[in-house]
Amino acid sequence: MEKISLTIDGQQVKAKKGMTVLEAVQAAGIYIPTLCHDPDLEPYGACRLCVVEIENVPGLPIACTTLATDGMVVHTETPAVNQVRHNVVELLTADHPSDCLTCPQNQQCELQKVAAYLGITREPFPKTTRVFPVDISNPFFDLDRNRCILCARCTRACNEITGVGAIDLSYRGYETKVTTFGDKLLLESICQSCGECVTHCPTGALAPKESRQPTHEVLTICPYCGVGCQMYLGIRGGQVISVRARSEGSPNRGWLCVKGRYGISEFIHHPERLTTPLVRRNGKLAEATWDEALDLVASKLANYKNDEVAVISSAKCTNEDNYVIQKLARVALGTNNVDHCARLCHAPTVTGLVQSFGSGAMTNSMNEIGDAACILAIGTNTTAAHPVIGFFIKQAVLKGEAKLIVANPRQIDLCRYADIWLRHKPGTDVALLMGMMRVIVDEGLLDSSFIKERCENFDAFKESLNDFDLDFVEGITGVPKEKVVEAARLYATNKPATLLYAMGITQHSHGTDNVLATANLAMLTGNIGKPSTGVNPLRGQSNVQGACDLGALPNVYPGYQAVSDPAIREKFELAWVCPLSAEPGLTLTEIFEAGYRRQIKAIYLVGENPVLSEPCARHAQEALMELDFLVVQDLFMSETARLAHVVLPAASFAEKEGTFTNTERRVQRVRKAIAPLGDSKPDWWIASQIGQRMGNKGFDFTHPSQIMDEIASLTPSYGGISYSRLEDGGLQWPCPTEDHPGTPYLHSQLFARGKGRFMPLKYKPPMELPDDEYPLILTTERSLFHFHTGTITRKVRGLNIFRPEELVEMNPADASALGIADGEMIKVTSRRGEVVAKAKVTEVSPVGVVAMSFHFAESPTNVLTNPALDPVSKIPELKVCAVKVEKAI
Ligand code: SF4
Ligand code: SF4
């Protein structure tokens, strides 16, 4: 970076070329008071507090918007400068209440600090007579316009960081104020309650409802989605009372979404937390000691043969928890029947990307999205399911630096920002992507040298494109062929291009084919193995990547090492000092099927709620009720825990040490901020106790760091990871040795499998399509305000205010044809069951498609969904099934 020299207050300083005067002054350690300036935001120059004198420049330039130049002579404290600053602050305080002692931001307020710095004690101007009503409608924060100084930091944060644009400065002159569009209350606006505006407000105008200040903070990781945002939990009196995002060195750059910022403390301290073990006696769950419960679990599980027992681990648990849980299955129970909810979300990512690239994980890093010239977001409602990645996408587009292609049957939020929106029919992704690739090949937009040097099987793949002429593609997908051509050109010619996907791609009976199609597209255009390119599956839960990495899967040990490989098996047998089964175990869906058939008789289930999350959920519930013995380990009495013979209370993420691996393969430290609630215990401790009580060695861990050391010794991709290396941030695997810096993007020189493999594909329709009896498609979606089966988020009052119940989104044309009005209760029926919920009539859903979430136990959507499996990954077809809709009587 080129340097320049300046003289600031008589001092010679160096600055980077391109810095503003304010940045140069601050870099030299000199303080200039500011109010509208915010390093996270574009320079604004509104408050005029940062005026300076610059020799040979007329007037008093504003430091935050003036570029520093070589040889510049700057004076930051002159009589003229100080006069302006005094006038500015005196005018601001005239228009501001003088009640600092009762203000929620007292001692935190930047206006207060600036006034103190300038020594302003008098109020020479008459006080304002204007009084605004305080907007207290938002459940998490208040907007008190009486304290607003119109610096626009909140409105700029809402525009520049979140890309939402929910608030702005409206009206003119003395009438200017922060408003929502249409002057609605915050609760009724498009505001997403992310709180970015609140964190950037310098005064008490936007302030959290929780006004207590923490006594100390503990750095940890958000327990919700796979973005893995780093956050400080604020502690006071042994309770988590606040959350603050970490800026430096974090994947989320100081940003959080509503769930992370406001959805944490209430669930941790919720009165319904399980705090003592429960054992079923005379048909009822009754309190027991840990010794009673653990001895019972250990003695009961010991009674079953290895093909009669299964373990379900959890993507909400840490890496260390998952490692011990899968070890318990393999060592103590002698079975590979261990799986977790990745089977229901990203199993095809592993089966597909392993075939194409040799590694089934996100190829690139989140922070590379901002440098992409083109972003293809297919099958991902990113702003709802991975909100902070949604910020990255919107920022790239709003800065004019990236083209955005959205491929989604529903009119999701990202469509507002898209250059092209491809509204394909649900389940037609292969046809859409192969159509785009046909255009790229026909128009010579492919990267021939990359294909020749780095890939194999291209000819067979190219041959398979013959099935996808654009008339066929248009007929299957419903997307006009001109749009397919436009999207193909945009993706192929704007490099680097990155491709993001989520469960819209994977949750299909041909989910693996969908994933293979995304990999083909990236290889065809050379958009892989370089920064800001790649195929990037966005993982759902906080540690779904880690649960897969650590072997909570039926066919692989930690690090995706095959149980069927004799050399690998021998390595684990030596380390774990016991013989291991060579037979891959049952997958999650097969476990429930086997339970229904009474082949599986006992299940140890950690942190999952299959009664709501399994497809054809009634069937899964019946399977669980058939079991001789069900142990459920969780934070709350979930719908599944109610069926258990033993319920073990688990400590939450805030009450234990460990690591999560986020969607971009980044292993990050989870830290204990408070003591476990009641008599709850960390999951790794509980599983270790069961292992020990079943008479096994190798379960005598006393701290999760010991578990990580064992993981590193057996898992090549985690070989260089230890707690000491994770102290200041995270490491992205592969990190094979102690001096390896981690890997931000994969496949740079060679693919993990050597050459990238093109896969020929055919179009396969969803297993169940509409017919006369069931004329509509049901697809599943996510709400920004809830998570998974709602076990945790529904404990948070404010999140429930935003989304209190299930909504069946349906197109106005369908609603009108059925005589259904917005807000009316309707019955949705599939071949497997029926659910009653409220209709939401909206253009978001295309004609012929209804959409529901699965967050609400009262309207269990998965009663309806189709358990038909992708034959390769065994993921069920949660995204498409046929339903009928009628008014509920
Ligand atoms: S909470 Fe977020 S979306 Fe709402 S106004 Fe503030 S920045 Fe905008
Ligand atoms: S984006 Fe995901 S990880 Fe980040 S705060 Fe929101 S839920 Fe938590």
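Colleague: Which residues are buried in helix H23?

Modeller: In this predicted model, the buried residues of H23, which covers 588-596, are Leu-588, Thr-589, Ile-591, Phe-592, Ala-594 and Gly-595.

Colleague: Okay, on to sheets. In what order do the 7 strands of the open sheet come?

Modeller: The order is S13-S12-S26-S25-S24-S14-S15, and the pairing is mixed. Strands S13 (284-287) and S15 (338-339) stand at the edges with a single partner strand each, so one side of each has no neighbour in the sheet.

Colleague: Do tell me about S14 and S24: parallel or antiparallel?

Modeller: Strand S14 (residues 309-312) and strand S24 (residues 602-606) run parallel, joined by 4 bridges. If you want a place to look, Val-309 has Ala-602 in S24 as its bridge partner.

Colleague: What holds strands together in general?

Modeller: Strands of a sheet pair through backbone hydrogen bonds, in either a parallel or an antiparallel way.

Colleague: Nice. Now the core: which residues touch the most other members of the largest nonpolar core?

Modeller: That core has 83 residues, and the ones touching the most other members are Phe-141, Leu-233, Phe-267, Ile-375 and Phe-653. Helix H13 (residues 387-398) gives the largest share of this core, with 7 residues.

Colleague: What is Phe-141 in contact with, leaving aside its neighbours within four places in sequence?

Modeller: Its contacts include Leu-186, Cys-191, Val-198, Leu-206, Pro-208 and Tyr-262. Lys-209 and Ser-193 are also among the contacts of Phe-141.

Colleague: Why would nonpolar side chains be found together?

Modeller: In soluble globular proteins, nonpolar side chains tend to be buried together.

Colleague: Which residue forms a salt bridge with Lys-764?

Modeller: Asp-513 does, with the closest N and O atoms 2.5 Å apart. The pair links distant parts of the chain, 251 residues apart: Lys-764 is in the loop between S30 and strand S31 (776-780), and Asp-513 is in helix H20 (residues 511-524). Lys-764 is partly exposed at 43%, whereas Asp-513 is buried at 12%, because buried means under 20% relative accessible area.

Colleague: What about Lys-481 and Asp-471?

Modeller: Their side chains meet in a salt bridge at 2.6 Å, N to O. Lys-481 lies in helix H18 (residues 481-493) and Asp-471 in helix H17 (residues 470-477), so the pair ties together parts 10 residues apart in sequence. Lys-481 is partly exposed at 29%, while Asp-471 is exposed at 51%.

Colleague: Last one: which residues are linked in a network of salt bridges?

Modeller: Arg-410, Glu-781, Arg-803, Glu-806 and Glu-809 are linked that way.

Technical notes: Residues are numbered from 1 along each chain as its sequence is written. Chains are lettered from A and ligands numbered from 1 in the order in which they are written. This is a predicted model: local features need pLDDT of at least 70, side-chain atom pairs count only at pLDDT 80 or more; totals for chains, interfaces and linings use all residues. Side-chain values use heavy atoms; hydrogens and water are left out. A nonpolar core is a set of buried Ala, Val, Leu, Ile, Met, Phe, Trp, Tyr and Cys residues joined through side-chain atoms within 4.5 Å. Buried means under 20% relative accessible area, exposed over 50%, partly exposed in between (1.4 Å probe, protein chains only). Helices (H or I, at least four residues) and strands (E, at least two) are DSSP runs, numbered from the N terminus. Contact means heavy atoms within 4.5 Å. A salt bridge is a side-chain nitrogen of Lys or Arg within 4 Å of a carboxyl oxygen of Asp or Glu. Two strands pair if DSSP finds at least two bridges between them.
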